Amino acid sequence: MYTTIRKTAVVTGASRGIGRAIAINFAKNGYNVVINCAHSANELNTLREEIIQQYDVECIAHIGDIGDYDHAKAMIDNAINFLGTIDVLVNNAGISHIGMFQDLTPMQWDNIIRTNLNSVFNCSHSVIPEFIRKKNGRIINISSVWGVVGASCEVAYSASKGAINSFTKALAKELAPSNIQVNAIACGAIDTQMNSFLDETEMNQLINEIPSSRLGTPDEVANLVYDLANNHPYLTGQVIKLDGGWT
């Protein structure tokens, strides 16, 4: 058991990109962090060492598929046992798939829903008893503008993110009497590996569609997550678009 009780944030899908930036931002502000990914063990463990050495906080790296309920619950239980508490859950884990809907296989559909949506259920369901016990907690779901407006050739991804948005609004109403806030950030085009499939011409075309004339950065998402985690106790059930005016 870690003797000094700091606040603790759990960040899923944290080995790179947005999740990595979120975990580092919490750590540099004095939070213990629990970081997770399913496959990129080397990257996750490197992040763990960086957080411990640079920010002098505790960091637990959990390698496992949180689309599986038992893996998600084990991660949450382990965090409470070793760090004493959880204060913030950031559901960031996600994958995308580009292609025509009629070419999407049932296995691909199941994988996207499992990773993007089931993981949100699993982690939230596992942590809520701790939040209710304390009468305090924050759940922040990393969603997408495609969950609001839909995207051609990304039907499964859009469906999973749309479900997260509805999940956020509904769960917030249930948990508000227990002083637990649930919000989502619907990201637009963020400069991560998820957009690496675009060539230079396609990237320029995308940027030209965005009124702010650039991609967002992982650090901008991380800053908004931290603000939601630490301020605005009356703000709940909201899907906040972070997209430079794109949609």
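Predicted model: local features only at pLDDT ≥ 70, side-chain atom pairs only at ≥ 80, totals over all residues.
Figure 1. Residues are numbered from 1 along each chain as its sequence is written, and side-chain values use heavy atoms, with hydrogens and water left out. Strands are DSSP runs of E with at least two residues, helices are runs of H or I with at least four, and both are numbered from the N terminus. Strand 5 (residues 137–144) runs parallel to strand 6, and eight bridges join them. Two strands pair if DSSP finds at least two bridges between them. On strand 7 (residues 239–242), Leu242 stands opposite Cys187. Strands 6 and 7 also run parallel, joined by four bridges.

**Figure 2. Strand 6 (residues 180–187) is buried along its length, with eight of eight residues counted as buried.** Buried means under 20% relative accessible area, exposed means over 50%, and partly exposed lies in between (1.4 Å probe, protein chains only). Strand 6 is therefore largely enclosed by the rest of the structure. In a regular strand the side chains alternate between the two faces of the sheet. One way from strand 6 point Ile180, Val182, Ala184 and Ala186. The other way point Gln181, Asn183, Ile185 and Cys187. Both sets are buried.

**Figure 3. Strand 2 (residues 32–37) is largely enclosed by the rest of the structure, because six of its six residues are buried.** Asn32, Val34 and Asn36 point one way. Val33, Ile35 and Cys37 point the other way. Strand 1 (residues 8–11) runs parallel to strand 2, with four bridges joining the two. Val10 stands opposite Val34 of strand 2.

**Figure 4. Val90 sits in strand 4 (residues 88–91).** Val90 is buried, at 0% relative accessible area. Leaving out residues up to four places away in sequence, Val90 touches Val10, Val11, Thr12, Ile22, Phe26, Ile140, Ile142 and Val225. Contact means heavy atoms within 4.5 Å. The C-alpha atoms of Val90 and Asn141 are 5.8 Å apart, although 51 residues separate the two along the chain.

**Figure 5. His62 belongs to strand 3.** His62 counts as buried, with 15% relative accessibility. Beyond residues up to four places away in sequence, His62 touches Ile35, Asn36, Cys37, Leu44, His71 and Met75. Of these, Ile35 and Cys37 point one way from strand 2, and Asn36 the other.

**Figure 6. Ser40 lies in the loop between strand 2 and helix 2.** Ser40 counts as buried at 18% relative accessibility. Ser40 touches Ser15 and Arg16, not counting residues up to four places away in sequence. From Ser40 to Ala93 the C-alpha distance is 12 Å, and the two are 53 residues apart in sequence.

**Figure 7. Asp56 and His232 are two non-glycine residues with positive phi.** For Asp56 the angle is about 55°. Asp56 is in the loop between helix 2 (41–55) and strand 3 (59–63). Its relative accessibility is 58%, so Asp56 counts as exposed. For His232, phi is near 60°. His232 lies in the loop between helix 8 (218–230) and strand 7. His232 is partly exposed, with a relative accessible area of 37%.

Figure 8. The C-alpha trace spans about 55 × 40 × 35 Å along its principal axes. Of the 247 residues, 48% count as buried. Among contacts with a separation of 6 or more, 75% come from residues 24 or more positions apart.
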